[in-house]
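Thanks for making the time this morning. I would like to walk through one structure with you, looking at its packing and then at its charged pairs.

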Amino acid sequence: MNFLVDENIPLITVETLKSAGHDERDVRGSELQGIDDEKLWALAQSEQRLLLTTDKGFARFRNEPHNGILLRRQPTVA
């Protein structure tokens, strides 16, 4: 599976995807880090990648044709 990983996803998740044989593109530390949501969304669609993020704002795209959106909930620290 092909993933576009937003910078808000923990690095261990990226490493786990990679070790499982998935094609992952992590925007963290690249020129893409911090780009606006619309550009990140467009990139995920143009590269036919599932977008992995914690940003609930991407839910607004759920009714558009897409390759997948996975909104990961971050555990809360007590």
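This is a predicted model: local features need pLDDT of at least 70, side-chain atom pairs count only at pLDDT 80 or more; totals for chains, interfaces and linings use all residues.

Residues are numbered from 1 along each chain as its sequence is written, and side-chain values use heavy atoms, with hydrogens and water left out.

Let me start with helix 2, which spans residues 37–46; helices here are DSSP runs of H or I with at least four residues, strands are runs of E with at least two, and both are numbered from the N terminus. Its buried residues are L40, W41, L43, A44 and Q45, where buried means under 20% relative accessible area, exposed means over 50%, and partly exposed lies in between, using a 1.4 Å probe and protein chains only. Among the elements that cover these buried residues are strand 1 (2–5), strand 2 (23–26), strand 3 (50–53) and strand 4 (69–71). Just after the helix, Q48 takes a positive phi of about 50 degrees.

Which residues make up the largest nonpolar core? There are ten: L4, V27, L32, L40, W41, L43, A44, L51, F58 and F61, a nonpolar core being a set of buried Ala, Val, Leu, Ile, Met, Phe, Trp, Tyr and Cys residues joined through side-chain atoms within 4.5 Å. Helix 2 gives the most to this core, with four residues. Apart from it lies another core, of seven residues, including F3, V5, L50 and L52.

Turning to charge, the count comes to five salt bridges, each a side-chain nitrogen of Lys or Arg within 4 Å of a carboxyl oxygen of Asp or Glu. One of them joins D23 to R49, with the closest N and O atoms 3.2 Å apart, and this pair links distant parts of the chain, since D23 sits in strand 2 and R49 in the loop between helix 2 and strand 3, 26 residues apart. D23 is partly exposed at 35% relative accessibility, whereas R49 is buried at 10%. R49 also meets E47 in a salt bridge, at 2.8 Å from N to O, and E47 is partly exposed at 28%. D23, R25, E47 and R49 are linked in a network of salt bridges.

Technical notes: Contact means heavy atoms within 4.5 Å.
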